[in-house]
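User: I have a new model open and want a quick walk through it. Can we start with the DNA side?

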Protein chains: 2
Amino acid sequence: MDEIYIEEFKKGTVLFQQGDSPTACYFVLKGCVRQYSIDVEGREVTSNFYTEEQAIAVFDHKPDKISNYTFICVEDSVMVVGDLNTEKDMYNKHPQLESMTRKMIEADFAKIQEEFAAFIAASPEERFRLLQLKRPTLIDRVPQHQLASYLGMTPESLSRIKKRINQLNS
Amino acid sequence: MDEIYIEEFKKGTVLFQQGDSPTACYFVLKGCVRQYSIDVEGREVTSNFYTEEQAIAVFDHKPDKISNYTFICVEDSVMVVGDLNTEKDMYNKHPQLESMTRKMIEADFAKIQEEFAAFIAASPEERFRLLQLKRPTLIDRVPQHQLASYLGMTPESLSRIKKRINQLNS
DNA sequence: GTATGATCTTGACTTAAGTCAATGCGCGTT
DNA sequence: AACGCGCATTGACTTAAGTCAAGATCATAC
């Protein structure tokens, strides 16, 4: 199948831009990709970080196929790349593939819904603690101001929260 | 097709409980259903309200099929009910159906992702204002303490925010 | 290796939301 | 109609996060 291949990306590479129609989907083998958008006030809002064994953007098919998000590598990364143009053909050729992707999306949907619920109920500090539990390595892999945005707080608050927690643990 | 039918539910009816395996999926024709879960600290966290023309729980298929949420009618409601046990048969009989549900889920996934991003970036007051714009009628349809939980704030804060905003508008 | 700019931290201060407690209101029940 | 209960509002106070501004630190390019 030449529609699926493995590709390396340098840190800083943009997979696709807010406003573009994505032409491919990705699966992270190594590295880290940040998903963000620019909101109405011009602020950058980071909505996710994709790391090893996570799929990107398969589910970002809006009706008009235009993405609200930019995806950018925050580390040198290696990804499986799947061409979206041949997606329909693939489904026709392999009906089980559609069933498989549906199940993947359902699982991811359940996961984002759970994260959302946890996020709603938590204070900024609790959100940081949750991240420490769920994705401990992420905290040291990405720029702190982007992490702050991902956690829905200011960089200053994140800095203070980390300090507060470290003092308790020492 | 006797696997799909229309049913009326009285206010207070529980569609299924946290911990249960859902046996049906629903589409709201009239009324309002609240989705919530009890978190580790025993607090009730409302994660959604489903109203007219919204589908429920089609996407809540976790691998083990057990729901983390309770769904309860907050109004007398009329819904289309689809039996989940026959789901697989239906897909086999009508392959296009799988394609259709996949697209629906993708659309809903994109929507929840967007809501999540908006929520992250917003303060409690901004979240209330967003709700006023996006779902203005919901505010007067549901109990305020549940709405507060849905917006990630205390009932007291919601009350004050509403007061604050009404004073500006008068 | 140094310089430059970005990012992270820290400090002082403001503000909005949380907490706790009391009161008021609405609603359903009897 | 009156009672009782749950819910909503209000008040006083605390606290955590936001804001603004100044340094410190880090990284990247030259």
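User: Which element gives the largest share of the surface near DNA strand D?

Analyst: H6(B), with 5 residues. Near means that a heavy atom of the residue lies within 4 Å of the strand. Helices here are DSSP runs (H or I, at least four residues), and strands are E runs of at least two, numbered from the N terminus. This is a predicted model: local features need pLDDT of at least 70, side-chain atom pairs count only at pLDDT 80 or more, and totals for chains, interfaces and linings use all residues. Side-chain values use heavy atoms, without hydrogens and water.

User: Which residues come nearest to DNA strand D?

Analyst: There are 17 residues around DNA strand D, and A:Ser157, A:Arg160, A:Arg164, B:Gln144 and B:His145 come nearest.

User: What does A:Arg164 reach with its polar side-chain atom?

Analyst: A phosphate oxygen of DNA strand D, at 2.6 Å. A:Glu125 has a polar backbone atom 3.2 Å from a phosphate oxygen of DNA strand D.

User: And which residue lies 3.2 Å from a base nitrogen?

Analyst: A:Glu156, through a polar side-chain atom.

User: Switching topic. How many helices and strands has chain A?

Analyst: 6 helices and 8 strands. From the N terminus, the order is β-β-β-β-β-β-β-β-α-α-α-α-α-α.

User: How much of chain A is buried?

Analyst: 48% of its 170 residues. Buried means under 20% relative accessible area (1.4 Å probe, protein chains only).

User: What box do the C-alpha atoms fill?

Analyst: Roughly 60 × 35 × 30 Å along the principal axes, for chain A.

Definitions and conventions: Residues are numbered from 1 along each chain as its sequence is written. Chains are lettered from A and ligands numbered from 1 in the order in which they are written. Buried means under 20% relative accessible area, exposed over 50%, partly exposed in between (1.4 Å probe, protein chains only). A polar contact is a pair of N or O atoms within 3.5 Å; within protein, one must be able to donate a hydrogen and the other to accept it, and residues adjacent in sequence count only if both atoms are side-chain atoms.
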